[in-house]
Structures are given as C-alpha cells and as structure tokens.
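Colleague: I am new to this structure and would like to learn how to read it. Could you take me through some of its features, one at a time?

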Amino acid sequence: MRSKRRQILEFDLHVDSFMLHCDAKHLSAKTLKSYEQTLTLFGIYLKQELKIEDATKIKSSHIRHYIKYLRSRGKYTVTASDRSLEINYPNRREDYQKPMSDVTIANYTRNMKVFFNFLKMEQEIIENPMNTVEEIKPKRKQKQLLSPVEIKLMLGAYNLTKFHEYRTWVQLHLIFDIPFYTNSQSTNNKLYIL
C-alpha cells in the first residue's frame, strides 16, 4: 500500500508532466499559468474535500461536484498558496466572495479537459472523466452600442496624415457602413475619401 505522501507526489507528477508537455508545445506564459492555477486549485479541492490524491481515481461525478463547489464558494476564497494572500489581499476586493461567473468556470473545466486528454494520451488513465461532463456555455453579454456622437468622436480622433491611422479610419468607415464624403456639386457623383 502506498503512503499518502507518495500519492500526493504522484498527482503532482502528473501535473508537472502535463506542464512540461505544454511548455514543450511553446504555449504562452499566460496559458501555462492558467493551466497550473486551475490544476493546483482542483488538486487542493480533491485532497481536502474528497480525500482523493491520485489522478486515476477521479470520476465524472467528482468533477461535477467541483463545478457545484465553484459556484457556491465565491471568488478569491481559495488560493494555491498563502503567499498570494500576503501580496494580493483578496479580502479587500469589492467582488470578494461574490459568485464566480460561468465564463470562469467554463475556463476551469476547459483547462481540466486538456489535462485529462493529456493523461489519456499518455495512458495514465483508461477513460477521460471529462467526456461525460456537460460543457458549460456561458451567456454572452451584449456590448453597449456606440451612439452616433461617440462614433463621430472616435472617427474624428484619427490623424489622417499618418498612413496607419488613415487605414484604420477607412476600415472603420467600411465596418460601420458610413458613407465617405461625396461631392454633391460634381456632375458624375464621384466618391472622395478625405
């Protein structure tokens, strides 16, 4: 029978192996940090709440319980290390303990899916527990539309003597379907771009 210390190291080795794999793929530092944070917090949850210290024992139901836990616990209530509490002071944030958004939870589950796909590919697990976990589809927030005055202000902010600003100005006119200046006195109604 393995000791508890050995099982913790085994789970950590899976995470370390996954992180090495991601680093070898030259993923961005931001992506690597996101993966590591997600897996560290998930590992803490497994150990403290479910007493699971081996990645091969994780089932779909454990992941569903974790998603439910994320929805109930609130933002910034769990950290991967106590050091971050001394630096970031999460309890001083305005959104401390407020519910986590579905976007954040969807990002966590997406990161976990990549991790379990890796374990399956490496033949560390027989079946990917994420395969039967329902994908979270967050509701998209509709962006507030710009008023005609705001559009006019934005278009007036470009220096049309600089090529890159002129190019952007023309692109915005095309995107917004705003007609360019037309010379109405001209007999053949030619289009003049300022």
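**Reading the contacts and helices**

Modeller: Let us start with a pair of charged side chains: Arg64 and Glu134 meet in a salt bridge, 3.4 Å from N to O. This pair ties together distant parts of the chain, with Arg64 in helix H3 and Glu134 in the loop between H5 and helix H6 (148-156), 70 residues apart. Before we go on, please note that this is a predicted model, where local features need pLDDT of at least 70 and side-chain atom pairs count only at pLDDT 80 or more, while totals for chains, interfaces and linings use all residues. Residues are numbered from 1 along each chain as its sequence is written, and side-chain values use heavy atoms, leaving out hydrogens and water.

Colleague: What counts as a salt bridge, and how many does the structure hold?

Modeller: The term stands for a side-chain nitrogen of Lys or Arg within 4 Å of a carboxyl oxygen of Asp or Glu. The structure holds two. Besides the pair above, Arg71 forms one with Asp102, their closest N and O atoms being 3.4 Å apart. Here Arg71 of helix H3 is linked to Asp102 of helix H5, 31 residues apart.

Colleague: Is Glu134 buried or exposed?

Modeller: Buried means under 20% relative accessible area, exposed over 50%, and partly exposed in between (1.4 Å probe, protein chains only). Glu134 has 53% relative accessibility, so it counts as exposed.

Colleague: How do I read helix H3 itself?

Modeller: Helices are DSSP runs (H or I, at least four residues; strands are E, at least two), numbered from the N terminus. The expected span of a helix is 1.5 Å times one less than its number of residues. For the 14 residues of H3 (60-73) that gives 20 Å, and the end C-alpha atoms are 20 Å apart, which agrees.

Colleague: Which residues of H3 are buried?

Modeller: They are Ser60, His62, Ile63, Tyr66, Ile67, Leu70 and Arg73. These residues cover an arc of only 160° around the axis (taken from the directions from the helix axis to the C-beta atoms), so they lie on the same side of H3. On the other side, Lys68 and Ser72 are exposed. The cover over the buried residues includes helix H2 (29-50) and helix H5 (102-121).

Colleague: How do H2 and H5 cross?

Modeller: An axis is a line fitted to C-alpha atoms, for helices over the stretch in contact, and angles run from 0 to 180 degrees between N-to-C directions. The axes of H2 and H5 come within 9 Å and cross at roughly 90°. That makes the two helices roughly perpendicular (65 to 115 degrees; under 35 is roughly parallel, over 145 roughly antiparallel, the rest oblique). Contact means heavy atoms within 4.5 Å. Residues that meet here include Tyr35, Leu39 and Phe42 in H2, and Tyr108, Met112 and Phe115 in H5.

Colleague: What should I know about phi?

Modeller: Most residues other than glycine have a negative phi. His26 has a positive phi near 60° and is not a glycine. His26 sits in the loop between helix H1 (4-24) and H2, and is exposed at 72%. Gln123 likewise has a positive phi of about 60° without being a glycine. Gln123 belongs to the loop between H5 and H6.
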